[in-house]
Number of protein chains: 6
Amino acid sequence: MIRFDPGDERIQNARTFRVWEGGGEYNVARSLSKVFRCESAIVTALADNQIGRLAEDLMWQGGVDTSQILWRETDGISRKVRNGMYFIERGFGLRPPVGCSDRGNTAVSQLKTGDVDWQKVFGEAGARWFHTGGIFAGLSETTKDVALEAMKKAKESGAIVSYDLNYRASLWSERGGRDAANALNHELLPFADVVFGVENFDASFAAYAEKNFRRAASDIRSKFPDLKVIATTLRNVKSASRHDLSAVCFAGDEVFKANDFADLNVLDRVGSGDAFAAGLIYGLLAGKDVQFSLDCGAANSAFTLTTPGDGSAATLSEIENLSNSKKLDLSR
Amino acid sequence: MIRFDPGDERIQNARTFRVWEGGGEYNVARSLSKVFRCESAIVTALADNQIGRLAEDLMWQGGVDTSQILWRETDGISRKVRNGMYFIERGFGLRPPVGCSDRGNTAVSQLKTGDVDWQKVFGEAGARWFHTGGIFAGLSETTKDVALEAMKKAKESGAIVSYDLNYRASLWSERGGRDAANALNHELLPFADVVFGVENFDASFAAYAEKNFRRAASDIRSKFPDLKVIATTLRNVKSASRHDLSAVCFAGDEVFKANDFADLNVLDRVGSGDAFAAGLIYGLLAGKDVQFSLDCGAANSAFTLTTPGDGSAATLSEIENLSNSKKLDLSR
Amino acid sequence: MIRFDPGDERIQNARTFRVWEGGGEYNVARSLSKVFRCESAIVTALADNQIGRLAEDLMWQGGVDTSQILWRETDGISRKVRNGMYFIERGFGLRPPVGCSDRGNTAVSQLKTGDVDWQKVFGEAGARWFHTGGIFAGLSETTKDVALEAMKKAKESGAIVSYDLNYRASLWSERGGRDAANALNHELLPFADVVFGVENFDASFAAYAEKNFRRAASDIRSKFPDLKVIATTLRNVKSASRHDLSAVCFAGDEVFKANDFADLNVLDRVGSGDAFAAGLIYGLLAGKDVQFSLDCGAANSAFTLTTPGDGSAATLSEIENLSNSKKLDLSR
Amino acid sequence: MIRFDPGDERIQNARTFRVWEGGGEYNVARSLSKVFRCESAIVTALADNQIGRLAEDLMWQGGVDTSQILWRETDGISRKVRNGMYFIERGFGLRPPVGCSDRGNTAVSQLKTGDVDWQKVFGEAGARWFHTGGIFAGLSETTKDVALEAMKKAKESGAIVSYDLNYRASLWSERGGRDAANALNHELLPFADVVFGVENFDASFAAYAEKNFRRAASDIRSKFPDLKVIATTLRNVKSASRHDLSAVCFAGDEVFKANDFADLNVLDRVGSGDAFAAGLIYGLLAGKDVQFSLDCGAANSAFTLTTPGDGSAATLSEIENLSNSKKLDLSR
Amino acid sequence: MIRFDPGDERIQNARTFRVWEGGGEYNVARSLSKVFRCESAIVTALADNQIGRLAEDLMWQGGVDTSQILWRETDGISRKVRNGMYFIERGFGLRPPVGCSDRGNTAVSQLKTGDVDWQKVFGEAGARWFHTGGIFAGLSETTKDVALEAMKKAKESGAIVSYDLNYRASLWSERGGRDAANALNHELLPFADVVFGVENFDASFAAYAEKNFRRAASDIRSKFPDLKVIATTLRNVKSASRHDLSAVCFAGDEVFKANDFADLNVLDRVGSGDAFAAGLIYGLLAGKDVQFSLDCGAANSAFTLTTPGDGSAATLSEIENLSNSKKLDLSR
Amino acid sequence: MIRFDPGDERIQNARTFRVWEGGGEYNVARSLSKVFRCESAIVTALADNQIGRLAEDLMWQGGVDTSQILWRETDGISRKVRNGMYFIERGFGLRPPVGCSDRGNTAVSQLKTGDVDWQKVFGEAGARWFHTGGIFAGLSETTKDVALEAMKKAKESGAIVSYDLNYRASLWSERGGRDAANALNHELLPFADVVFGVENFDASFAAYAEKNFRRAASDIRSKFPDLKVIATTLRNVKSASRHDLSAVCFAGDEVFKANDFADLNVLDRVGSGDAFAAGLIYGLLAGKDVQFSLDCGAANSAFTLTTPGDGSAATLSEIENLSNSKKLDLSR
């Protein structure tokens with residue numbers, strides 16, 4: 001999607017917008033490519049107009065392979081098929097970030113089973129990891145099936161599958177809300193190895209108690225025994241400009257916890273959850289241990305708060321320094 | 001609609017967009033208010049989200065009364081109802097202005113007869129002139145009927161009705177094209193007093209011949225005898241940066257022609273046709289003669305080419321000077 | 001007035017300025033229109049040049065009715081009559097906001113009794129609330145009389161009158177200073193129903209004691225028994241970037257206190273006092289109780305600190321959420 | 001003065017202004033310093049507030065010595081003494097540059113004889129050339145006398161004196177107009193060696209006839225026999241974006257004409273007359289012959305049309321190349 | 001290289017620069033990828049610091065494969081190895097584009113034979129076309145040999161080799177000038193199939209005569225009989241803002257000429273020669289005939305003049321329309 | 001040097017850079033001129049191209065006399081001699097400021113003894129204070145000698161000499177590191193009266209203990225008995241956006257400590273050490289006592305954190321207010 005960012009103004013009074021690309025699953029792919037220097041690709045559909053080509057231009061800059069995108073012909077005015085956009089202002093102090101999604105009728109929401117040649121993705125291209133989540137799956141009745149199809153194919157091919165429980169109220173406002181979203185997640189989780197987000201767990205930074213997390217994570221794994229890693233960020237939103245952040249994960253009956261990042265200055269929080277997922281995925285893909293992977297995720301998430309846009313602008317060495325709590329001072 | 005303008009870049013490579021408000025009928029209302037200092041209002045529907053409120057903010061700046069707007073509740077992600085947007089780059093030299101409309105599923109395209117309280121518009125508010133055209137009427141099967149309804153009510157109330165033959169290929173691409181649009185126009189023109197655009201007439205600046213125009217205009221009037229004024233701009237697009245512009249109109253069996261503006265430098269051509277309509281309407285509303293009104297329209301149109309955005313940024317005295325061919329040099 | 005804002009630079013080194021409109025009494029009208037969706041108008045005089053028309057353009061965007069403005073002819077170089085401007089930098093951390101007023105010889109300072117047709121304002125237009133204060137009244141020897149004239153006419157017409165004790169040292173630097181300003185206030189307060197600011201009271205957030213406020217407010221009311229509401233913000237300026245804010249008011253022998261907003265991040269403090277007045281006026285105009293109105297004012301004031309420009313960019317629902325201390329997190 | 005430039009927008013709709021410094025006489029000094037690398041200083045008065053200090057910052061960048069500026073204490077709101085500003089938009093195509101001066105009550109307009117220590121200027125600092133003109137002299141009744149005083153002192157000291165007939169209608173609108181300005185010029189010209197501008201001569205590029213110029217210049221010299229050089233630009237304003245430019249001068253009974261610059265693209269015409277004066281002054285100061293000096297002036301004037309701001313951004317070698325009609329193509 | 005662009009200002013007075021990536025050979029690769037949708041890669045060396053990574057970010061956006069770049073370790077302050085930069089202002093009207101290269105000691109100028117694994121480039125990656133030219137070859141004594149090495153390997157692998165005679169005076173200022181550059185070209189041309197630029201031929205648009213071109217091209221081919229295509233743009237620089245442009249090529253004893261583009265508005269001319277090369281290469285690579293390929297090159301070159309930056313921002317369909325002289329008017 | 005500042009983005013993803021001038025010793029001169037209104041000049045060498053002239057333009061704005069600069073002819077592409085640049089991003093929260101110097105082969109690093117006419121500097125111009133430090137001296141093997149030459153000449157002339165121990169790891173990375181830098185300092189310190197920085201002392205704000213400082217400073221003075229003042233800032237970098245700052249100095253066996261500035265909001269920390277030096281130098285030059293001078297330095301340093309760019313944008317009166325701990329609130 002194209003993100004419109006009014007800078008330090010509010011959407012309704014702005015006269016200029018910066019544009020970024022973003023979207024839950026895409027953000028993960030971008031961090032993997034740009035920060036962690038892994039090859040990543042996005043599987044989606046876009047309407048073939050100038051807005052779609054702007055998204056392509058941004059994704060090229062992001063280093064994400066766009067060759068698997070299905071380009072849909074438009075009718076010239078986006079009556080049949082469109083590209084998604086969202087307008088988000090960053091917030092400041094007691095003014096929270098607020099936004100407005102404009103993604104009715106998007107090309108991606110019209111994806112249906114059979115549209116994507118998964119053999120090409122998992123066979124020829126040899127994808128080793130497949131990541132999706134509740135946003136894509138929740139876009140429409142057909143994307144739910146596409147998510148299922150993809151996860152099954154991924155599993156069959158031997159790729160690791162991760163799933164983000166990400167919930168957007170607006171997607172479900174007229175389709176059953178949180179309950180329906182949970183039901184969907186439960187349909188898809190049997191095919192996941194890694195899950196981001198934990199049901200029935202208070203992910204606040206301040207309220208964290210290991211036993212609560214262990215109980216909630218164990219419950220999930222008892223329902224979905226194939227899950228190998230259950231991970232989530234912990235966060236306190238003190239104000240739009242100040243967060244506490246940490247992360248925790250459950251793997252092999254062990255609970256791992258990242259360093260705490262307290263009192264972080266926040267420039268733009270959007271995408272910080274996706275940055276966490278990317279860091280953890282990177283670690284696991286690179287064959288690092290769980291603690292390193294978790295720290296990588298937490299560091300990438302914290303770093304993402306300091307730059308505008310959804311994406312992380314960190315470098316791998318910065319993430320490693322941050323994970324190792326090395327002092328970061330002006331170097332020149 | 002919100003217009004996104006990438007400045008001197010192309011849409012697909014831009015990272016920043018200026019926003020303006022625009023739309024054929026709206027542009028006329030804005031010129032009437034901002035340049036000619038007449039009270040004007042817009043009758044439309046908008047989705048009530050931050051994009052709609054941005055449009056409102058822009059229209060307030062434009063001086064157009066927004067109290068007749070019907071605000072539609074959204075579902076949070078614009079699946080049911082949206083606000084229209086368009087992306088246009090201005091072009092430069094041999095690179096023409098190109099753009100991309102994103103107006104599927106807009107609130108205004110869902111307007112249907114009975115939605116608007118025309119009694120309030122023409123009765124209480126006492127509108128003296130009603131302007132619409134082929135873009136609004138062509139938005140959907142229902143807006144066609146709304147246009148008809150409105151024009152009839154306007155006529156009944158004694159307001160003057162003008163109609164712009166404006167044709168957007170993208171609106172008709174799957175609904176019968178130019179022929180269907182013409183058929184629609186013919187259905188509506190019986191209720192118009194003033195029409196902008198002339199069928200079967202080559203409106204090029206260079207090819208203008210009075211007898212051709214007289215013949216074409218006479219033909220139209222013979223079909224729609226209530227038409228009192230038939231007007232059009234004449235234009236040569238030498239390049240995106242250079243136009244020749246004039247205007248001509250037929251009224252009471254007489255042909256009137258505006259001064260020629262040759263070799264105009266063009267910064268942004270969008271909205272210059274609407275500026276012509278506004279100038280002519282102003283003249284007639286203000287009780288001026290046809291020649292003055294036509295000159296006013298042509299001058300406002302030419303002026304609009306020199307500033308960014310759809311709207312005219314002229315002042316009334318500048319338009320009058322330009323109509324009178326007064327020399328315009330740096331005054332300070 | 002036009003406000004020139006150098007962004008993150010200092011005035012004396014800037015090469016670009018953003019412009020906003022502002023001014024104590026105007027800011028109140030703008031919040032009432034833009035945030036609280038009440039009709040509001042400004043009564044003032046402007047020199048009719050491009051700077052004045054820029055102010056008009058900004059006020060249209062602000063939604064304030066400009067039809068009562070008296071436009072003064074200029075001599076082309078502003079020797080006789082000008083429009084006011086002020087240059088303010090926002091400050092940052094230990095660097096305080098500083099600025100420079102340029103309002104000698106303004107059209108508004110030349111207003112004199114008889115210039116304004118108050119019958120039109122309070123009779124035909126039917127204004128229900130009239131707000132003025134120490135800045136307008138202190139502009140010149142003649143505006144003092146205009147304020148008096150207006151307040152009397154307002155009272156006679158049944159409109160509620162509010163008065164802000166706002167003091168600008170620069171206005172009084174050669175005319176008797178604080179003492180003269182107080183004397184003026186005392187001349188005008190007999191005609192006010194609501195007053196913002198409290199004499200002989202330390203309005204610091206940290207030092208607040210209800211009994212001190214009760215005593216100071218009671219003293220004032222004993223002098224001006226027509227005063228129904230006496231209100232003020234409470235503030236600590238910890239740095240240019242961090243304030244504590246609250247508000248308190250005295251009405252019907254009762255003291256009401258708003259929620260405390262501690263450790264607010266401040267982007268631009270200018271206009272936050274006016275935002276308080278607007279919120280409280282809105283509540284009272286809308287028939288809400290005093291506590292609601294006070295909370296409304298405090299919330300609007302706090303919100304105003306988070307956006308650039310004098311004006312509040314909040315929406316009514318955001319103010320209500322904030323007044324109710326509802327949690328504000330990223331919604332999308 | 002501070003110049004506010006709205007870029008490609010109009011003043012009344014702009015939200016951002018670039019600032020430049022400018023002013024007829026100052027522009028000459030700036031070109032001499034920045035382009036021609038002569039030491040130059042400005043003698044003026046400024047109000048000592050942040051606006052004045054912004055002017056100082058700009059003048060330092062311009063390389064003009066500010067040590068002779070008289071800094072006037074302000075009352076905080078510019079009631080007594082101000083700094084001048086002007087708002088000018090550049091124009092485009094058929095939209096001419098228009099602007100608005102705001103220089104009532106400026107510090108410089110309050111200068112009176114005796115304020116400036118001319119001994120310091122012409123004695124200690126050893127100024128070799130003194131340039132003033134109709135704008136400064138016309139600011140007020142007292143600056144007229146200051147101009148007279150300065151020109152006499154300059155002459156006595158042996159410095160060359162040049163005077164620009166520059167006429168600003170707005171300065172004279174209530175003081176006798178063009179006739180009064182001419183009378184003033186006639187009072188001052190006896191003390192000038194060089195004059196820019198020619199009375200009773202049509203300085204249009206197209207209408208130039210040597211005999212007309214010779215006659216007009218001879219007439220002037222017969223009235224003011226001390227005049228050694230009488231010079232003027234020749235210009236056709238085809239549109240705001242296209243000028244023809246040349247220059248002509250009369251010296252020692254000979255007429256010299258610069259190369260013609262036809263069909264120049266114009267970005268910003270403001271200051272191009274001053275750039276001409278600076279080039280010619282440079283040539284004469286540097287001991288070059290009249291033809292070289294005139295060509296220098298014309299080239300600097302033409303170059304100034306191609307950059308934003310009043311000032312010339314040329315380098316001396318570029319001016320020399322242009323004077324010599326050397327081909328200018330991309331060098332890298 | 002990183003290009004610094006001061007927009008409408010001059011380099012020496014700018015306070016803000018836009019950055020682009022550029023460089024003769026790179027620009028060709030970028031057009032092939034971005035406009036013509038061919039896979040392209042760049043073989044070069046960059047210093048591994050933030051400036052190099054900025055170049056990478058820009059090249060990713062440009063769609064050019066960066067996996068063949070050799071990243072050189074830096075010493076932290078660029079004493080040993082640097083990345084190249086250039087500062088160019090676009091020029092306007094009579095002010096020509098001027099610039100300043102800063103490419104001493106760059107990583108690429110230190111490339112030497114053996115550094116690049118050409119087997120990977122031509123074998124594994126299977127490059128079908130290799131383009132280089134006089135800028136790369138002229139960077140240093142070692143890049144000359146690298147060019148030779150590469151061209152030989154390319155030829156052996158069956159790839160087509162093109163060579164641009166591009167001459168930068170600054171590169172040769174102390175190494176023998178034009179003569180030395182010609183000698184180098186003659187050393188390399190035996191390995192080229194296609195050459196851009198023609199020795200001993202006046203490539204001005206106005207002076208074009210087919211027989212002169214035929215003679216010059218024939219001469220070259222008689223010296224380098226392997227050359228299959230000899231092509232060049234024809235240009236008149238009327239001013240920085242107005243060019244005439246065409247192109248001509250010699251292939252199989254036939255002379256082909258592109259359509260003439262007269263009186264083009266020029267925004268930024270840098271890179272227009274490279275855009276010509278890219279268009280012609282695309283045509284030949286895609287198996288089109290010579291005339292189509294030449295028209296493609298000329299159209300891409302003309303289009304590049306209308307956007308900022310070195311690169312072409314055209315789309316393939318726009319180039320095809322332009323080649324076919326289809327009318328380009330505002331479509332929406 | 002030219003500083004490129006990507007604003008709120010990272011260098012590697014930026015598309016626009018603001019430029020500033022900077023450099024350790026220069027920053028001191030600029031503060032002395034701009035803030036403290038002393039005459040200051042810079043002695044350095046620059047390559048005479050547009051980048052060098054941009055530096056000149058910035059230094060003129062900074063008020064630093066550039067007449068002692070040695071302008072070196074370039075070869076057009078900076079192979080032989082260049083101008084230094086550095087790219088620094090400001091950092092935010094947990095993201096530290098990072099940067100990249102590009103100063104290989106600069107004109108200044110090629111300065112050698114005999115190049116500068118010190119007689120002109122200390123004799124004719126009568127410099128009363130000479131400041132240099134470890135950055136300049138460490139640029140190359142020849143600048144070391146130039147520093148020595150200059151300090152000796154300064155001493156002889158009676159000027160006060162100050163030296164900043166400033167260490168840039170990148171300058172010494174291949175030349176012996178910190179040890180070599182210390183050795184150089186020890187070679188130069190015998191000729192210094194004032195030194196900024198203290199060897200073997202932990203200059204952290206939190207860990208400050210007077211006895212430690214006294215011991216370290218005494219040690220230094222015992223080695224270099226001519227040192228009259230030994231001064232340093234004390235700092236805690238809590239995050240890129242929050243510092244604690246103070247300063248301490250040793251003079252005449254007494255330890256002086258400035259007020260503590262705790263929890264400072266930091267916009268841009270670069271240059272804050274130089275600002276400290278400038279403030280202290282100003283005080284001593286102006287004949288103030290040590291405590292005042294130290295407070296002046298600390299206040300200027302703290303103020304510099306609040307504005308972008310290396311330079312301090314304070315005014316003298318603001319520094320004095322801050323030194324005196326006067327309350328700084330919005331004045332208008």
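Biologist: At what angle do helix 1 (residues 24-34) of chain F and helix 9 (residues 272-285) of chain F pack, and how far apart are their axes?

Modeller: The angle between helix 1 and helix 9 of chain F is about 45 degrees, and their axes are 8 Å apart. Axes are lines fitted to C-alpha atoms, for helices over the stretch in contact, with angles from 0 to 180 degrees between N-to-C directions. Helices (H or I, at least four residues) and strands (E, at least two) are DSSP runs numbered from the N terminus. This is a predicted model, in which local features need pLDDT of at least 70 and side-chain atom pairs count only at pLDDT 80 or more, while totals for chains, interfaces and linings use all residues. Residues are numbered from 1 along each chain as its sequence is written, and chains are lettered from A and ligands numbered from 1 in the order in which they are written.

Biologist: What word describes how helix 1 of chain F and helix 9 of chain F lie to each other?

Modeller: Angles under 35 degrees count as roughly parallel, over 145 as roughly antiparallel, 65 to 115 as roughly perpendicular and the rest as oblique. Helix 1 of chain F and helix 9 of chain F are therefore oblique to each other.

Biologist: Which residues of helix 1 of chain F and helix 9 of chain F make the contact?

Modeller: Two residues are in contact if their C-beta atoms, placed from the backbone, lie within 7 Å. Helix 1 of chain F brings F:Gly24, F:Asn27, F:Val28, F:Ser31 and F:Leu32, and helix 9 of chain F brings residues including F:Ala278 and F:Tyr282. By class, this contact of helix 1 with helix 9 of chain F has seven nonpolar, three polar and one charged residues. Ala, Val, Leu, Ile, Met, Phe, Trp, Tyr, Cys and Pro count as nonpolar, Asp, Glu, Lys and Arg as charged, and the others, Gly among them, as polar.

Biologist: How do helix 5 (residues 141-157) of chain B and helix 7 (residues 177-188) of chain B pack?

Modeller: Their angle is about 20 degrees and their axes are 10 Å apart. Helix 5 and helix 7 of chain B are therefore roughly parallel, and they cross in the right-handed sense. B:Lys144, B:Ala147, B:Leu148 and B:Met151 of helix 5 touch B:Leu184, B:Glu187 and B:Leu188 of helix 7. The residues of this contact divide into five nonpolar, no polar and two charged.

Biologist: At what angle do the axes of helix 10 (residues 290-304) of chain C and helix 11 (residues 316-323) of chain C cross?

Modeller: They cross at roughly 110 degrees and come within 9 Å. Helix 10 and helix 11 of chain C are therefore roughly perpendicular to each other. Again the crossing is right-handed. Among the residues that meet are C:Cys296 and C:Phe303 in helix 10 and C:Ile319 and C:Leu322 in helix 11. Five of the contact residues are nonpolar, two polar and two charged.

Biologist: How many residues does each of chain B and chain A give to the contact?

Modeller: Chain B gives 33 residues and chain A gives 33 residues. On the side of chain B that touches chain A, the largest share, five residues, comes from helix 2 of chain B. The residues of that side divide into ten nonpolar, twelve polar and eleven charged.

Biologist: Which residues touch the most other members of the largest nonpolar core?

Modeller: A residue is buried if 20 or more other C-beta atoms lie within 10 Å of its own, exposed if 12 or fewer, and partly exposed in between, with C-beta atoms placed from the backbone. A nonpolar core is a set of buried Ala, Val, Leu, Ile, Met, Phe, Trp, Tyr and Cys residues joined through C-beta atoms within 7 Å. Here the largest core has 651 residues, and those touching the most other members include D:Ile230 and D:Ala302. Leaving aside neighbours within four places in sequence, D:Ile230 is in contact with residues including D:Val195, D:Ile220 and D:Phe250.

Biologist: What is the phi of A:Asn105?

Modeller: Most residues other than glycine have a negative phi. A:Asn105 has a positive phi of about 65 degrees although it is not a glycine. A:Asn105 sits in the loop between strand 6 (98-102) and helix 3 (118-124) of chain A, and counts as buried because 22 C-beta neighbours lie inside 10 Å.

Biologist: How is E:Asp263 placed, buried or partly exposed?

Modeller: E:Asp263 is partly exposed, with 16 other C-beta atoms within 10 Å. E:Asp263 is in strand 13 (residues 261-265) of chain E and has a positive phi of about 55 degrees.

Terms used:
Left-handed = near helix turned anticlockwise from the far one by under 90°.
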